[in-house]
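Please examine the sequence and the structure shown below.

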Amino acid sequence: MKRAFLGISIGLLAAGTASAQTESPTFTGPRVGASIGLNKGADKNVLPGPGETGSRKKGVIVRGTVGYDVPLSEKLIVGAEIGAATGGRDIVTKNGTSGYRTDPGFTLDASGRLGVKPSEQLLLFGKAGWAMQRVTTDRTSRSGAATATVTTKGTEHGFLWGAGAEYALTPRTSLRADFDRVKFNEHYSRSRILGGVSFRF
């Protein structure tokens, strides 16, 4: 009886260990994700005048991602992702009789990431890549009762860099938080802080 009980106990322990290893999160394979966060857009030196003329504006954005990760070792993960997001709020700068407005629109980014796993449930990563954003700008000048506005629409491109973390709730579901920054040109840049969830399949 004791031997049978011991055999069953060892069998259950081995099965549980094997199941835990099978179910342990690895942060590998294809994934999709959704995030919500804060975007801070900044304009710098967009109007003539003494000193710096610019402004900053914060706004809520949403972002979706698709990506793929592969293990380099038990602790290192390398991957790539594509993201699409809303642009945030308008940035308005005023100086005397002149005004400048930047309307950040739809944005795409593609980046690679390298991560380390301090534990099976936690992934810390850095990322770098490319970003584009549709941008509309209005420059307004007023002279007496007359007001003139010049509107420009275009697409800006820039180098994206950032860092983040993922915490696995299950082998296929994880919470994610990350920060990234892009300087699109000498006048316009943005920073984002995002939090969301990732699903693996």
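A residue is called buried if its relative accessible area is under 20%, exposed if that area is over 50%, and partly exposed in between, with a 1.4 Å probe and protein chains only. By this definition, both F184 and Y188 are buried. The model is a predicted one, in which local features need pLDDT of at least 70 and side-chain atom pairs count only at pLDDT 80 or more, while totals for chains, interfaces and linings use all residues. Residues are numbered from 1 along each chain as its sequence is written, and side-chain values use heavy atoms, with hydrogens and water left out.

F184 and Y188 also belong to the largest nonpolar core, whose 7 residues include I91, A131, V135, L160 and V182. A nonpolar core is a set of buried Ala, Val, Leu, Ile, Met, Phe, Trp, Tyr and Cys residues joined through side-chain atoms within 4.5 Å. Another core, of 5 residues, lies apart from this one; F27, I77, L123 and A168 are among them.

Contact means heavy atoms within 4.5 Å. Leaving aside neighbours within four places in sequence, L160 is in contact with several residues, including D109, W130, A131, V182 and R192.

How many aromatic pairs does a search of the whole structure find? The search finds 2. A pair of aromatic rings is described by the distance of the centres and the angle of the planes. Rings of Phe, Tyr and Trp (its six-membered ring) pair if their centres lie within 6.5 Å; planes under 30 degrees apart count as stacked, over 60 as edge-to-face and the rest as tilted. W161 and F179 form an edge-to-face pair, with 5.9 Å from centre to centre and 65° between the planes. This pair links distant parts of the chain, since W161 lies in strand 7 (residues 146–170) and F179 in strand 8 (residues 173–183), 18 residues apart. Strands (E, at least two residues) are DSSP runs, numbered from the N terminus. W161 is partly exposed because its relative accessible area is 42%, and F179 is partly exposed because its value is 31%. F184 and Y188 form a stacked pair, with centres 5.4 Å apart and 10° between the planes.

Strand 1 (residues 29–43) contains S35. At 12% relative accessibility, S35 therefore counts as buried. Not counting residues up to four places away in sequence, S35 touches I61, V62, R63, L194, G195 and G196.

The loop between strand 1 and strand 2 (55–71) holds N45. N45 has a phi near 55°, a positive value in a residue other than glycine.

Methods
Helices (H or I, at least four residues) and strands (E, at least two) are DSSP runs, numbered from the N terminus.
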